[in-house]
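Hi,

Here is the model I said I'd pass on.

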Amino acid sequence: MTERTSAVAEAEAVPGDGGGAVVSLGDGWENEDGGGQRPGDEAGRGVVTAFGQTMKTLRVREGLEREEFGKRLGYSASTVASFEQGRRIPSPRTIDRADEVLAAGGLLCLWKEEVERAQYPVFFQGMAALEKEAMELLSYDTLVVKGLLQTEEYMRALLGMRRPVLDQETIEQRVAARLARQDILDRWPAPLLSFVMDESVLRRPYGGKDVLRGQLEHLLLNGQKRNVEIQVMPLDCEESAGVDGPFTMVTRHDGKRFVYTEAQGTSALQTDPKQAALAAARYGIIRSQALSPRESLKLIEGLLGSL
């Protein structure tokens, strides 16, 4: 990216002495994905509304009704209305197509980055940008499979268990946003991705056995990728450096490291070099205590066979 998000810039500006953290109150990104395809905050709503008005103006200029415009985009007239009214956020691909259909000459494409950011609250915009810039991503998880590795059915099961209960439209929007983030697994140049998870995560039948079976199969497939390492912390392990809970580390192409943690609706993005170094050392110990990638895949295969 040519620009850093305001969240990352703000985080880097915080002086550290054990600090260097941006702490956010509200639902965590791994469980919520910042509201999916809805604008994440007031600033985001303003961006999306302005984009929608621009798209509507161009559509009217071309003499297209919403129904005809929607057909060319592959959407219904009601969805086009949602885009134009700022209630839904179109994907980058949809924006490209709209620009072409409306002969906008790149005008709509100029909005893509800002519109994409707007689906997340301010505190997650930095992390969303970091995932796109990541040279390396390290993750330790203890409760659920990492969002970047979740199947669509597993996502729906988790979101369906949220309390207060989420409406179906919100669930669909959040599933779409989380699936979009998984582009990191297949992009090129390939980032180095390491995931360590407690064995208990793989045994929890969220959504039922069929959902768990699909999730385990999905982990086996992703574990075969050359840039992805999946490791399991076995239940019978007598020592674990991960007793303080889950966290994610991202290293950007410029070498800058970021550490993300969340718990019970509170999230923190650490940028202090000392804290990042400690987190990296801790993750190294966690990896050494966990099963090797080969052993981990065998364990997952065993769990799959027992279902």
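First, how the elements are named: helices (H or I, at least four residues) and strands (E, at least two) are DSSP runs, numbered from the N terminus. This is a predicted model, where local features need pLDDT of at least 70, side-chain atom pairs count only at pLDDT 80 or more, and totals for chains, interfaces and linings use all residues. Residues are numbered from 1 along each chain as its sequence is written, and side-chain values use heavy atoms, with hydrogens and water left out.

Thr79 sits in helix α5. With a relative accessible area of 17%, Thr79 is buried (under 20% relative accessible area; over 50% is exposed, in between is partly exposed, with a 1.4 Å probe and protein chains only). The side chain of Thr79 also makes a polar contact of 3.1 Å with that of Ser76 (a pair of N or O atoms within 3.5 Å; within protein, one must be able to donate a hydrogen and the other to accept it, and residues adjacent in sequence count only if both atoms are side-chain atoms).

α5 as a whole is mostly covered, with six of its eight residues buried: Thr79, Val80, Ala81, Ser82, Phe83 and Glu84.

Then the neighbour: on the α4 side Arg66, Glu67, Phe69 and Gly70 meet Ala77, Val80, Ala81 and Glu84 of α5 (contact means heavy atoms within 4.5 Å).

Finally, just after α5, Gly86 has a positive phi of about 75°.

Cheers
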